[in-house]
Amino acid sequence: MTFSEENYLKTIYHLTTSLNAGVSTNAIAEKMETKASSVTDMLKKLAEKDLVDYKKYQGVSLTINGKLAAKMIVRKHRLWEVFLVEKLHFSWDEVHDVAEQLEHIKSEKLINKLDDFLGNPTEDPHGDPIPNAKGEIKKMEKHLLSEMEIGEKTICVGVKDSSSDFLKYLDKQQIALGSMIEIIEKECFDASLIVSVDGNGMTISNKIACNLYVKTI
């Protein structure tokens, strides 16, 4: 596959995961910042390779082969993110763009050795699951912080928004994966939260709470 074909597969995979349904060409075009006509041309190519099921006006879904191929691209991307953070000490807001380039490396042997070298991690630095060499993904129970009730004690396990701006904001607030967050109070007016993060009190907006994944402890 070309780099462009791999990027399309990965994009369709992420959109399918979030929508749990067929993906429209317009949704793909918006995500990839390209024209719908260009998306249609690419979908026809991917369909010829048995990587997607595509019918005009009915959206697109990944075939079994396409889903596995997409998972392998995601696997490489997230393993490289772990390597960049843990071994080269990149910050979690820096790694995405570099991993976007490294994910296109073809060597399966290299990726499997990288996986073993890192201790076979199941999550990337943002808390997203890493598929194993068979495409299997370990399921993790998680909820948005905004869904938690007063008095609940949680641990931060991921972010919904992995943009650089959001991750930098979390760094300023000293919120990271593994941070202990307890809900102290909810404001009725704007749904903001008064919380304790690793013992430090602070107020978190609803927008922030809607982009932090936690699990109860």
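**Reading a buried arginine and its surroundings**

Modeller: Let us begin with a single residue of this predicted model. Arg78 has a relative accessibility of 12% and therefore counts as buried, the cut-off being under 20%. Arg78 belongs to helix α4.

Colleague: Which residues does Arg78 touch, not counting those up to four places away in sequence?

Modeller: The contacts of Arg78 are His14, Asp124, Asp128, Pro129 and Ile130. Two of these names return when we turn to the largest pocket: His14 and Asp128 are, with Tyr13, Thr17 and Arg78, the lining residues closest to its centre.

Colleague: How should I read a pocket, and what volume does the largest pocket have?

Modeller: Rolling a probe the size of a water molecule over the atoms shows where empty space is left. Here the largest pocket has a volume of about 1,400 Å³. It is lined by 35 residues, and the elements that give two or more residues to the lining are α1, α2, β2, α4 and α5.

Colleague: Which element gives the most to the lining of the largest pocket?

Modeller: That element is α1, with 9 residues. Helix α1 covers residues 3–19, 17 residues in number, and reaches 24 Å from its first C-alpha to its last, close to the 24 Å expected at 1.5 Å a residue.

Colleague: Which residues of α1 are buried, and against what do they pack?

Modeller: The buried residues of α1 are Glu5, Glu6, Tyr8, Leu9, Lys10, Thr11, Ile12, Tyr13 and Leu15. They pack against the helices α2 (25–32), α3 (36–48), α4 (64–86) and α5 (95–102), and against the strands β1 (52–54) and β2 (60–62).

Colleague: Next, how does one read a nonpolar core, and which residues in the largest one touch the most other members?

Modeller: In soluble globular proteins, nonpolar side chains tend to be buried together. In this model the largest nonpolar core has 21 residues, of which Leu9, Ile28, Val52 and Val60 touch the most other members. Two or more residues come from each of α1, α2, α3, β1, β2 and α4, and α1 gives the most, with 5 residues. Apart from this core lies another, of 20 residues, among them Trp92, Leu170, Ile208 and Ala209.

Colleague: What does Leu9 touch, beyond residues up to four places away in sequence?

Modeller: Leu9 touches Met1, Leu46, Leu51, Val52, Leu62, Gly66, Ala69, Ala70 and Ile73.

Colleague: I turn now to the strands. How many form the open sheet, and in what order?

Modeller: Strands of a sheet pair through backbone hydrogen bonds, either parallel or antiparallel. Here 6 strands form an open sheet in the order β3-β8-β4-β5-β6-β7, with antiparallel pairing. At the edges stand β3 (143–144) and β7 (200–204), each with a single partner strand, so one side of each has no neighbour in the sheet.

Colleague: How many bridges pair β3 with β8?

Modeller: β3 pairs with β8 (residues 212–216) over 2 bridges, in the antiparallel sense. Leu144 stands opposite Tyr213 in β8.

Colleague: And how is β4 placed, mostly covered or mostly open?

Modeller: Strand β4 (residues 153–159) is mostly covered, as 6 of its 7 residues are buried. It pairs antiparallel with β5 (residues 180–186) over 3 bridges, where Lys153 stands opposite Glu182.

Colleague: Finally, what does the protein chain look like as a whole?

Modeller: Its secondary structure comes to 8 helices and 8 strands, and buried residues make up 41% of its 217 residues.

Methods: Residues are numbered from 1 along each chain as its sequence is written. This is a predicted model: local features need pLDDT of at least 70, side-chain atom pairs count only at pLDDT 80 or more; totals for chains, interfaces and linings use all residues. Side-chain values use heavy atoms; hydrogens and water are left out. Two strands pair if DSSP finds at least two bridges between them. Helices (H or I, at least four residues) and strands (E, at least two) are DSSP runs, numbered from the N terminus. The expected span of a helix is 1.5 Å times one less than its number of residues. Buried means under 20% relative accessible area, exposed over 50%, partly exposed in between (1.4 Å probe, protein chains only). Contact means heavy atoms within 4.5 Å. A nonpolar core is a set of buried Ala, Val, Leu, Ile, Met, Phe, Trp, Tyr and Cys residues joined through side-chain atoms within 4.5 Å. On a 1 Å grid over the protein atoms alone, a cavity is a set of points where a 1.4 Å probe fits but cannot get out, and a pocket is an open set with protein on both sides within 12 Å along at least five of seven lines; lining residues have an atom within 4 Å of a point. Grid points are joined across faces, edges and corners, and a volume is the space filled by probe spheres set on the points.
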